[in-house]
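Subject: Structure handover

Dear colleague,

Here is the structure for your files. My notes on helix packing and charged residues follow it.

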Amino acid sequence: MLGAVAESRAVVDPRVALTPAQMTSLVVDCFGWPRADVEDRLRRERACSGWNVASDLVERGVPPFVWSGAMGAFYATTRAFIYELLVYNAQPERLLLRERLLALVQTEQARVATRPLSVLLWGDGLGFDALAVAQALPEAEVTYYEISELSSAFAARLFASAGASRIRMVRALDPGDAARHDVVAAMDVMEHVPDPAVWVRDVAGVLRPGGVAAIKEAFDAVIASRPTHLRDSAWRYAYRTPRLFEDAGFVTERYGNFPYIFRLGHGTPAPLGARLHYHLSTPVKLARILPRLLRRPDPVAFLRGCSS
């Protein structure tokens with residue numbers, strides 16, 4: 001038992017999956033929430049991904065899949081994303097995404113070799129990406145940007161425990177961020193924002209000329225277990241992310257595996273084969289998600305399935 005406690009309170013390595021004991025103790029130590037409740041919510045999340053967010057959203061009566069004042073208030077006050085993000089960040093595909101991000105920032109640091117790289121982690125949730133970048137590039141200027149008060153509190157404790165005091169933490173961007181950053185990374189952000197086209201222009205505004213945006217989105221995942229993903233954005237932008245960035249002055253350098261890479265201004269376009277494959281496959285992928293959008297997924301039915 002003492003060994004499990006010691007393991008759960010060790011310094012977190014953002015490149016290694018957290019154990020259930022680590023997840024529980026991180027939450028209890030940060031917020032003081034009852035351990036039994038934390039363990040139960042994490043167990044439910046591991047068994048049925050999305051349970052916490054769907055359950056809290058349904059309990060509050062927030063209309064799913066549409067942006068509203070109620071949805072904004074939900075983001076500001078729910079505890080559910082703490083549990084969802086902890087479990088999600090332990091998944092192999094999320095850890096692989098982090099490794100790809102680290103490879104990108106190391107490449108970009110070599111490109112701007114005469115000065116430290118400036119990296120903005122936009123919507124970084126619990127802070128694991130920001131911590132990984134700060135550890136991989138100790139001289140880099142790393143900015144963690146997250147509007148959630150609870151997630152920011154968790155990230156602050158995570159950074160302090162790792163001795164990562166140089167990470168800049170903000171909950172809003174200011175004029176000093178204009179044309180400041182070499183890399184903006186945003187993982188699973190675009191499907192949540194009310195106007196993705198405006199958001200992309202905001203990303204362009206904080207990048208230096210020649211800077212890159214590293215993007216993972218899930219516009220197509222308008223499913224019962226993800227009721228905060230916006231249906232209108234899925235209709236308008238699913239499989240059209242490159243066009244969104246290109247319309248804002250970016251060059252698409254990488255399709256295929258996430259993160260997509262978009263460079264502001266002049267860049268090296270993705271190989272012709274990759275571009276053709278992406279664009280020619282788009283109608284097929286759109287047809288695949290059309291029944292899902294027309295069917296209007298039901299979070300209540302999802303929760304019933306989790307309980308059966």
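Helices (H or I, at least four residues) and strands (E, at least two) are DSSP runs, numbered from the N terminus. The model is a predicted one, so local features need pLDDT of at least 70 and side-chain atom pairs count only at pLDDT 80 or more, while totals for chains, interfaces and linings use all residues. Residues are numbered from 1 along each chain as its sequence is written, and side-chain values use heavy atoms, with hydrogens and water left out.

Arg 231 is part of helix H11 (residues 231–237). Arg 231 is buried but has no salt bridge, and Asp 232, the nearest side chain of opposite charge, is 9.0 Å away. Here buried means under 20% relative accessible area, exposed over 50%, and partly exposed in between (1.4 Å probe, protein chains only). A salt bridge is a side-chain nitrogen of Lys or Arg within 4 Å of a carboxyl oxygen of Asp or Glu; for charge, Lys and Arg count as positive and Asp and Glu as negative, with His and the chain ends not counted. Neighbours within four places in sequence aside, Arg 231 is in contact (heavy atoms within 4.5 Å) with Phe 65, Val 222, Leu 293, Arg 296 and Pro 297.

The structure holds 18 salt bridges. One of them joins Glu 99 and Arg 15, with the closest N and O atoms 2.6 Å apart. Glu 99 is in helix H7 (residues 92–111) and Arg 15 is in the loop between helix H1 (2–8) and H2, so the pair ties together parts 84 residues apart in sequence. Glu 99 is partly exposed at 29% relative accessibility, and Arg 15 is partly exposed at 42%.

Lys 216 and Asp 188 also form a salt bridge, again with the closest N and O atoms 2.6 Å apart. Lys 216 is buried, as is Asp 188.

On helix packing, H2 (residues 20–31) and H9 (residues 149–161) pack at an angle of about 105 degrees, their axes 10 Å apart. Axes are lines fitted to C-alpha atoms, for helices over the stretch in contact, and angles run from 0 to 180 degrees between N-to-C directions. H2 is therefore roughly perpendicular to H9, a term for angles of 65 to 115 degrees. Leu 26, Val 27, Asp 29, Cys 30 and Phe 31 of H2 meet Leu 150, Ala 153, Phe 154 and Arg 157 of H9.

Regards

How values were computed:
Angles under 35 degrees count as roughly parallel, over 145 as roughly antiparallel, 65 to 115 as roughly perpendicular and the rest as oblique.
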